[in-house]
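Open the model in your viewer and keep the selection panel at hand. This tour goes stop by stop.

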Amino acid sequence: MPERRHYPPMMTFHAPDCPGLAPMRDGFISLPLNEARIKYPNHHLDVCAAIDITPYVVVEKSMGDHGYSPSGTRPEDAIRSLCRKCFGTHGEDEDREVITVKTQPKPRLTLPPGAERP
Ligand SMILES: [Zn+2]
Ligand SMILES: [Zn+2]
């Protein structure tokens, strides 16, 4: 069984020179495209990035603040179902609600017959 993880919310990838971002570009992070794709599996490309394949993209949250709204769709490795608004699981950011996963208690260590506890 794959390890379950949180899904980050959907992000919009922009080209670094996107005219729409110009006034507020400093507030966003830019990442190499490959890294950004791995980090944010849920993403879509802004028109600016779709036309030009750029080595770096500027990452912007696609959705504003909202509450978790479970969609009932859960990928195999996701910790719970994806939010129907942002396709994330609402868990990675500190300011979002945190989910604790119950772990199984460790089995007691059994000593071989004859052995004594130190
Ligand atoms: Zn853009
Ligand atoms: Zn959401």
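**Stop 1: strands 1 and 3**

Select strand 1 and strand 3. The two run parallel, joined by three bridges. This is a predicted model, so read each stop as a description of a prediction. Now pick Phe 13: opposite Phe 13, in strand 3, stands Leu 45.

**Stop 2**

**Stop 2: the largest nonpolar core**

Show side chains for Met 11, Phe 13, Ala 15, Cys 18, Leu 21, Tyr 40, Cys 48, Ala 49, Val 57, Val 58 and Val 59. These 11 residues make up the largest nonpolar core. Strand 1 (11-14), helix 2 (47-51) and strand 4 (56-61) each give two or more residues to this core. Which element provides the largest share? Strand 4 does, with three residues. In soluble globular proteins, nonpolar side chains tend to be buried together.

**Stop 3: Cys 48**

Stay in this core and centre on Cys 48, one of its members. Leave out residues up to four places away in sequence, and Cys 48 touches His 14, Ala 15, Cys 18 and Gly 20.

**Stop 4: a second core**

Last, select Leu 82, Cys 83, Cys 86 and Phe 87. They are among the five residues of a second, separate core.

Conventions
Residues are numbered from 1 along each chain as its sequence is written. Chains are lettered from A and ligands numbered from 1 in the order in which they are written. This is a predicted model: local features need pLDDT of at least 70, side-chain atom pairs count only at pLDDT 80 or more; totals for chains, interfaces and linings use all residues. A nonpolar core is a set of buried Ala, Val, Leu, Ile, Met, Phe, Trp, Tyr and Cys residues joined through C-beta atoms within 7 Å. A residue is buried if 20 or more other C-beta atoms lie within 10 Å of its own, exposed if 12 or fewer, and partly exposed in between; C-beta atoms are placed from the backbone. Helices (H or I, at least four residues) and strands (E, at least two) are DSSP runs, numbered from the N terminus. Two residues are in contact if their C-beta atoms, placed from the backbone, lie within 7 Å. Two strands pair if DSSP finds at least two bridges between them.
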